[in-house]
Amino acid sequence: MKNPIHKRRLFQIFFLTAAFALMITGLINGEAQTVLAKAVNICLECIGIG
Amino acid sequence: MDKRKLVQALFAFTTNAHVQGFFHGTIYRGKLKSACVPGLNCYSCPGALGSCPIGAMQAVEGSTTYGFSMYVTGFLVFVGLLAGRFVCGWLCPFGLIQELLHKLPTRKIKVPKKANDILKWVKYLILLIFVIFLPILTADKFGISTPWFCKYICPAGTLEGGIPLLLANRPLRQAIGFLFSWKLLILMLVILASILIFRPFCHYLCPLGAFYGMFNPVSIRRYQIDRSKCTNCGLCRTHCKMDIDVCKNPNSSECIRCGECVKSCPTGALTGMTTRRKPQKAPCNDKIAD
């Protein structure tokens, strides 16, 4: 565990797993639909109108 | 045109290929927009085929159903872990725009190191306050909140979305008010600063760069110095447009992986790599530099 490369590798594996878990959970929860619903309409706040 | 500029231009065009939107003052409304693009690319840009991750994060936080976006956070962690701020240097359209502005033949400004060291933290504050805390904490009784960063700061939205849509869409033009003037002022300041300073928005303000930058020291795609070849000539440092002491910290959070340092290294000591290689002792300093 003292080797920084091993530590980094563990860190990478942990966070890659966490990233996939978060993405899949978000997808199952329907977050992608929320993103789509927002993104297919002109976001007035984003362009400085709303 | 160098390889990086070509990749930047191709990626910007590919992810903004809904060209007719620029003529009709409309945006793409297809299902691709449920996916995020890696760079700062406003989803209200008439050409955008995907969603801006910073906008998407605020959209989910500010919706009635969710308080925090696992989908977008997971995506950002994944991209950050793969490549860190490589996205900033190679795939972000707003980064490309700033670089092109910086090519205008005017006098350039080098921000003093002390000011640079302080200002670079502003982007982390923007990420925490405007992208995460305010959209979560200011939700109304229905759970809906404002996308604070997009609404009050983001110059990319004004440039990529606001201006093209307003030019082509008369009803939208009639709705212009104080907010647009404010955002236009920010955009003008960023444009002016970009002409004088290399990528000021990426340096000091971009929350996406702040997020990816946190992964630079541990990302899979990284830089490594072969200490047996390094002569400590300092060329990597002088060629770095992000003002990083590459020899000391090749995987700094500020590095956008543009590769100028790698190109400038006369001995081939500095390489971009994805494989594991054991770091070697340094002639230029005593830190492990990979």
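Contact here means heavy atoms within 4.5 Å, and helices are DSSP runs (H or I, at least four residues) numbered from the N terminus. The model is predicted, so local features need pLDDT of at least 70 and side-chain atom pairs count only at pLDDT 80 or more, while totals for chains, interfaces and linings use all residues. Residues are numbered from 1 along each chain as its sequence is written, chains are lettered from A in the order in which they are written, and side-chain values use heavy atoms, leaving out hydrogens and water.

**Exercise 1.** Work out how α2(A) and α4(B) cross and which residues meet.

*Solution.* Start with the axes, which are lines fitted to C-alpha atoms over the stretch in contact, with angles from 0 to 180 degrees between N-to-C directions. Those of α2 (residues 31-39) of chain A and α4 (residues 70-83) of chain B come within 8 Å and cross at roughly 95°. The two helices are therefore roughly perpendicular, a term for angles of 65 to 115 degrees. Next, look at the residues: Glu31(A), Ala32(A) and Val35(A) meet Met70(B), Tyr71(B) and Val72(B).

**Exercise 2.** Locate the largest pocket and describe its lining.

*Solution.* A pocket is an open set of points on a 1 Å grid over the protein atoms alone, where a 1.4 Å probe fits, with protein on both sides within 12 Å along at least five of seven lines; lining residues have an atom within 4 Å of a point. The largest has a volume (the space filled by probe spheres set on the points) of about 780 Å³. Of its 32 lining residues, Asn116(B), Met242(B), Asp243(B), Ile244(B) and Asp245(B) are the closest to the centre. Now for the placement: domain 1 (3-213) and domain 2 (221-273) of chain B both contribute to the lining, so the pocket lies between them; the bounds come from an automatic or database domain assignment. By class, the lining has 12 nonpolar, 8 polar and 12 charged residues.

Terms used
Nonpolar A, V, L, I, M, F, W, Y, C, P; charged D, E, K, R; others polar. Parallel < 35°, antiparallel > 145°, perpendicular 65-115°, else oblique.
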